[in-house]
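Trainee: I am new to this structure and would be grateful for a guided reading. May we proceed by question and answer?

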Amino acid sequence: MPSKRLLATALAVVAVAAGMSPATAAPVVTTTNPITSSFADSFADPSIIQGRDGYWYAYATSDPLVANGPFGLMHMARTKDFSSWEYLGTVFNDQTKPSWAAPGSFFWAPDIRYFGGRYVMYFTVTDTLANPGGDPAIGVATAPTPAGPWTAGDGPVVAPRPDGSGGYLGTIDPAMLTAADGKRYLYYGGFYGGIAMTELSADGLHAVGTPTQVTIGDRYEGSYVVYRDGWYYFMGSSMNCCAGPTTGYSVFAGRSRSPRGPFVDADGAKLTDSRVGGTTVITQNGNKWIGPGHHAFITDAAGQDHIVYHAIDRGTPWLTDPFGINRRPMLIDNIDWINGWPRTRAGLGPSEGPVPAPTTGSSLGIDSANPAAGLVGATANPGDSVGGPTASIQGAAQTRASAPGGSLRVEADVKLGSSFTTVLGNQVVATVANNRLTLAAGRRTTSVNLPADFDRTQWNKLSVQVSGSGVTARLNDAGLGDVYAEARLPGLTLRPAPVRWLGTAEVDNLTVRPVAKPVTKLASVPRTGKLLAGDDFNGALGADWSWVRQDDKATVADGNLSWPLENADMVGSGNNAGLLLHATPAGKSWIAETKLHLDTGIDDVRNYQQAGMIVYLNDDDFARLGDVAIWKTRQTEYGRELVARPSDGATSYGAAAIGRTAPTMWMRIAYHENPAGEHVYQAATSVDGKNWTWGASWVLPAAARVGLYAHGEFTGANPPPTATFDYLKFYESK
């Protein structure tokens, strides 16, 4: 069934680069989120892989696909070109689901991989027969093809983990990685207990050794790890996935030289710190998509990385009645690597209109489904039911047409003989031989070892990419951020020439493409202009200030507003906290800023001491940006409350995380009207007042007042912590 795709009339840049005339160049193919709309209203927690048959296979958690539909047993779908999708049914049925799962257990968050000549899927089992009632564990299943049939393992890969208090930690959301040391690792866990990593047996079916903690609790779930340029990037989703119209789910990253961590963000903060780190990968931007997260990565034929994730349309957030199942379709967008960090669309976040689709297939007359047809010197191999025809190279082969100059990416599934060499433009030579990957480019040469037990008789993926930014040769399992070996050299510009292969190998899914042009600069963010209004707290509060439930303990003196945290809140029915609000400037865009000092300690439990800025329409319609203590963490939370069920006034509350906290920090909220006339409020934080992290946006139905708050002291501290504000100022937004 066709998805919502558009064929643009512009000519493909890659086709022109390949020397094709405008008359014969293929049109640019675009896609519009959500990409699963042709067959599903919801396709949550997606995972994706390219099968040996050339199709891209996507998998999702076991929520219903459509409104009021039955729960599935995890779902499967496939596409050849991201232009049309075919739903393939469920991974399991009642007869094939894991025998050790308790009746009524759900199967969530599939993670798909390929190694050892078979497809391997890890997934969450929410309840086991060992301790019925809610003891999540990680299961595994294998299949000869990406469409199954799937055979579940006879027990969990990671068993339920008791928490020591009669319950069980969140053993959920698995993600596997094959690392450069040849070992396989599984990352798993969630908010309750944090995320851990364990080594797996060589077949990937059993956990071995002692787990390593890689994140603090109460911050991350939905992990995914990729290797790039010598770094392992851990990415995890934060806050609530499923709060309907107030979902603020977002993805953040840290990196390490080791797959075991510690993972550190761009500002040097560890993901295990109490003041937890994380560099933004994707967050909501004020369009219709909220709560983007629980993602996977793919790399297309042009070397462009993409993030595949679910999100919620804030206009239609529920799959069932309000406060029921959330409607979370699958989306896809570009990942741009900027200053060493993955950013969705250079920081713009989820796309709402047409965007370029992943580049699929090959050029130069190569049919990736029958690669021998486009090569001179290769012989056709009938292949098998899994992958179809392949090309057999014995001695030498090359493309029939000359590859373009400039940049180029060559990628294929390979079964390697004793030695196999790829030659690009007669300038770049990548050889796999003697258990080493050797790369030569111009006069430079580098070589890296393959793992001692690397199995060249199995299908693996080999890519060689040349561009001005670097020359890279990489050998891995399945092109999902995994790595056996990667060799890198400085970039160069190729001369036009055929692509050649020397040695012995069986080749499938062969693609030759110009490299996608990299985006190297972050998208613009709001900047402050001239001062419009505000208060330095050098005297009594003026007429621009007004109280909602005045707190007489708040005092203005010595250039500060000092406000002991109230034993009060604003969420749900607890509308008893004081708010100090300021009139906002006239005009359609401005930035409000404050400087806050709040000492909430570190590592101890202080739920939910907080202070910060609030965007306020009424007690049931507001956005709140605060430095918040959440269990043992200290986080910056940008929360949203609104009435989600008008029939009885029931409210929904959710939040997005932004940046990191410090005892003294700066906060901003930027306001603008979008083209639809909606009122968008984007938040930012800083720990030095100079370098700002811009994060999530919330949309309110009307222009609101902005002010300050200090509440959530429920621990009985005497005296309570005091929030100290230096100022509240409003600037022109540039």
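Trainee: Which strands each supply at least two residues of the lining of the second largest cavity?

Mentor: This is a predicted model, in which local features need pLDDT of at least 70 and side-chain atom pairs count only at pLDDT 80 or more, while totals for chains, interfaces and linings use all residues. Residues are numbered from 1 along each chain as its sequence is written, and side-chain values use heavy atoms, with hydrogens and water left out. Strands are DSSP runs (E, at least two residues) numbered from the N terminus. Those that each supply at least two lining residues are strand 7 (107-115), strand 15 (220-228) and strand 19 (289-299).

Trainee: What is the volume of the second largest cavity?

Mentor: A cavity is a set of points, on a 1 Å grid over the protein atoms alone, where a 1.4 Å probe fits but cannot get out; lining residues have an atom within 4 Å of a point. Grid points are joined across faces, edges and corners, and a volume is the space filled by probe spheres set on the points. For the second largest cavity this gives about 70 Å³.

Trainee: Which of its 14 lining residues are the closest to the centre of the second largest cavity?

Mentor: The lining divides into seven nonpolar, five polar and two charged residues. Here Ala, Val, Leu, Ile, Met, Phe, Trp, Tyr, Cys and Pro count as nonpolar, Asp, Glu, Lys and Arg as charged, and the others, Gly among them, as polar. Of the 14 lining residues, the closest to the centre are Pro110, Asp111, Pro174, His294 and His295.

Trainee: What is the volume of the largest cavity?

Mentor: The count comes to five cavities of 30 Å³ or more. The lining of the largest includes Tyr114, Tyr119, Trp459 and Ala478, and it divides into four nonpolar, three polar and four charged residues. The volume of the largest cavity is about 80 Å³.

Trainee: Which residues have the most contacts inside the largest nonpolar core?

Mentor: A nonpolar core is a set of buried Ala, Val, Leu, Ile, Met, Phe, Trp, Tyr and Cys residues joined through side-chain atoms within 4.5 Å; buried means under 20% relative accessible area, exposed over 50%, and partly exposed in between (1.4 Å probe, protein chains only). Leaving aside neighbours within four places in sequence, Ile49 is in contact (heavy atoms within 4.5 Å) with residues including Tyr59, Ile112 and Leu480. The largest core has 59 residues, and those with the most contacts inside it are Ile49, Tyr59, Trp85 and Trp150.

Trainee: Is Asn434 buried or exposed?

Mentor: Asn434 is found in the loop between strand 28 (428-433) and strand 29 (436-441). Its phi is positive, about 55 degrees, although it is not a glycine. With a relative accessibility of 70%, Asn434 counts as exposed.

Trainee: Is Asn509 buried or exposed?

Mentor: Asn509 lies in strand 34 (residues 500-513). Its phi is also a positive value, near 50 degrees, in a residue other than glycine. With a relative accessible area of 5%, Asn509 is buried.

Trainee: Where is Pro34 found?

Mentor: The peptide bond from Asn33 to Pro34 is cis, with omega near 0 degrees. Pro34 is found in the loop between strand 2 (27-31) and strand 3 (47-50).

Key:
1 Å grid on protein atoms, 1.4 Å probe; cavity = no way out; pocket = protein on both sides within 12 Å on 5 of 7 lines; lining within 4 Å. Helix = DSSP H or I, 4+ residues; strand = E, 2+ residues; numbered from the N terminus.
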